[in-house]
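Please look over the sequence and the model below before reading on. The report then walks through selected elements.

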Amino acid sequence: QPARAMDLVEEESGAPGEEQRRWEEARLGAASLKFGARDAASQEPKYQLVLEEEETIEFVRATQLQGDEEPSGPPPPTQAQQKESIQAVRRSLPVFPFREELLAAIADHQVLIIEGETGSGKTTQIPQYLFEEGYTKKGMKIACTQPRRVAAMSVAARVAREMGVKLGNEVGYSIRFEDCTSERTALRYMTDGMLLREFLSEPDLASYSVVMVDEAHERTLHTDILFGLIKDVARFRPELKVLVASATLDTARFSTFFDDAPVFRIPGRRFPVDIFYTKEEIEAACEMLQDRCRRLGSKIRELLVLPIYANLPSDMQARIFQPTPPGARKVVVATNIAETSLTIEGIIYVLDPGFCKQKSYNPRTGMESLTITPCSKASANQRAGRAGRVAAGKCFRLYTAWAYQHELEETTVPEIQRTSLGNVVLLLKSLGIHDLMHFDFLDPPPYETLLLALEQLYALGALNHLGELTTSGRKMAELPVDPMLSKMILASEKYSCSEEILTVAAMLCVNSSIFYRPKDKLVHADNARVNFFLPGGDHLVLLNVYTQWAESGYSSQWCYENFVQFRSMRRARDVREQLEGLLERVEVGLSSCQGDYIRVRKAITAGYFYHTARLTRSGYRTVKQRQTVFIHPNSSLFEEQPRWLLYHELVLTTKEFMRQVLEIESSWLLEVAPHYYKAKELEDPHSKKMPKKTGKTREELG
Ligand code: CDP
Ligand code: MG
């Protein structure tokens, strides 16, 4: 049964169609576009493209506005036919003819670099070949890492289907806060971060016979760290097989790093792709694209528009891969996840805007920011390649040939060189790796970044003055969250408020917005949001939202009425449960502050005293670095402008905005971090009362 846009929407919340439609209407936050043939009765176009506010670039969804008759097609295949066709597809993949040769090479070499075009079958087939070959005998496991959660989930699901087993039995996946594996799971797809955490419980990975580091060319922070650790383990576990799989990029570097390991090349089949550059401004090109969408809509019977992005619920991902019904077309709107991690059959046209979202990090100020930056030439070529998988294709680049030549970098800078390292340093320290300066990095991180991470961990009490892990540091490493967040959770023991802190932590982990603001109901939505405000700031607002939702029996109707995103809340609930399960391991008991929010605020301060700002005559400055920063207009404290505050994160958009801010008292800083703050630097140079700022309202800011 092919996916219909309406199914997609209905299944997601399980709500009846009518309620769901209201939901959708309520979500028309950032942009919407109606297209398709007009319905005879209502004169409304049939489809609507919805851009969610909080995920403007990442999430586009089509909702079918009017009912439509079922597409008529051939009868659904029988189970036996399906099984046969799955096997036929497996045999048709480029890797298949090399099965024996590949297995022989793996038998002969401990480390093998495998290079092959995206879609050649590396991720889904090679672990299966190893399984068939007996590498999982005697309870041994095969790990295959993916940089992205969604890839781990979807390939595991695909492989389970190919093997005819239930996901979570022989084949499973594990990603942060979600474990779909069991005792008998021999093929384990997991994020690279999860394999890193495996080292904590099993430093020699003794239960694994094969580790396949997949998508190695992505060079994520976790993948880079894995390289160093695995190289080391491989030395004293000669029977461990290490596979490094990558698209056709960078393989020589991997080979050199692994002591000149051989490279196994799977020849790809590629059809030619014509590349078209834009002559216009980007915006003009976008308009043209929308126009084209509308025109297409009136010519064809059905246009499936399917989103794919990193946090898409697993049940929805499968839809992307289902064959398009006869006579229809499929539009996939994707983040760079579709660049290499996933392969969708039948793509002939690619539109490449030439951008990606990229983290960058300033070790001098300790500021991390997520910005939209031009992608690299390597990325652009990879994107174009998606068009030539099944036939000759076309790639429309929404930038000029000149820009491609002169403005794009050759390759993307590896993440390890543009991110904070607190998390990873803590992990390495708990694995007993002390000399980080001499750790075997493929590309070393900047010296200052490493130093700053050590300093921060020292300030958080995770390391002692010799740089050794403390008891508290060991506990912090147990929790799968950032060091500051783990510190906050540990501190909730002292302030007897772990119930509340768990909620705050879970809400902070859900890295998408909790509230939504539909354009036609701005006033209602803003009122609903303001109703959750509590004196103290955004962390308490998050706590308040969650508590009221829990009291409603975790109801989706409640979310709808209060302009709260049900999906984000559901995820927060999952995360909270998992964190609660870990409390015992870190010796924190369950306790509640009984409404004494000062205790909650102090516990948060104990984790985030590094992220503090004070109000000066010229606005907010961070306390230590004296950087100019601003309260995000969405914050409950935007108009309050308290003298001292802490923030969860800084995001650089038009300015350096602090997101999720909490009002604190400077004396708390001395209480929670006496080793870090001196009373003198917390003195207020100004008169007692600061004139209250008349900050711009969010409407003025647009
Ligand atoms: O890893 P690599 O890019 O080499 O290929 P793969 O991900 O193993 O994909 C092999 C084939 O499986 C492709 O033709 C994909 O379209 C298909 N596939 C799928 O149908 N569903 C998935 N979730 C993953 C792959
Ligand atoms: Mg792959």
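Predicted model: local features only at pLDDT ≥ 70, side-chain atom pairs only at ≥ 80, totals over all residues.

**The eight-stranded sheet**

The sheet is open and holds eight strands. Their order is β7-β6-β8-β5-β9-β10-β4-β11, and the pairing is mixed. β7 (178-180) and β11 (263-266) are the edge strands. Each has a single partner, so one side of each is left without a neighbour in the sheet. On average, neighbouring strands are turned by 20° against each other, direction ignored.

Strands of a sheet pair through backbone hydrogen bonds, either parallel or antiparallel. β9 (residues 208-213) and β10 (residues 241-246) pair in the parallel sense. Four bridges link these two strands. V211 stands opposite V242 in β10.

**Helices across the sheet**

Helix α4 (residues 99-108) lies across β4 (111-116), β10 and β11. Its direction is at about 150° to β4. Helix α6 (residues 149-163) lies across β5 (141-146), β6 (171-175), β7 and β8 (187-191). Relative to β6, helix α6 runs at about 170°.

**Two hairpins**

A hairpin of two residues joins β19 to β20. Between β20 and β21, the hairpin has five residues. R626 sits in that turn and has a positive phi of about 60°. Y620 takes part in both pairings: L615 is its bridge partner on one hand, and V629 in β21 is its partner on the other.

| Strand pair | Sense | Bridges |
|---|---|---|
| β9 and β10 | parallel | four bridges |

**Two buried residues**

Is F199 buried or exposed? F199 has 2% relative accessibility, so it counts as buried. The residue is placed in helix α7 (residues 192-201). Leaving out residues up to four places away in sequence, F199 touches L205, L226, L229, I230, V233 and L431. N362 is 163 residues from F199 along the chain, and their C-alpha atoms are separated by 29 Å.

S486 is found in helix α18 (residues 483-494). S486 has 0% relative accessibility and therefore counts as buried. Which residues does S486 contact, leaving aside neighbours within four places in sequence? They are M476, L479 and V481.

Conventions: Residues numbered from 1 in each chain as written. Chains lettered and ligands numbered in written order. Heavy atoms only, no water. Pairing = 2+ DSSP bridges. Axes fitted to C-alpha atoms, helices over the stretch in contact; angles between N-to-C directions. Contact = heavy atoms within 4.5 Å. Buried < 20%, exposed > 50% of the residue type's maximum accessible area, 1.4 Å probe, protein only.
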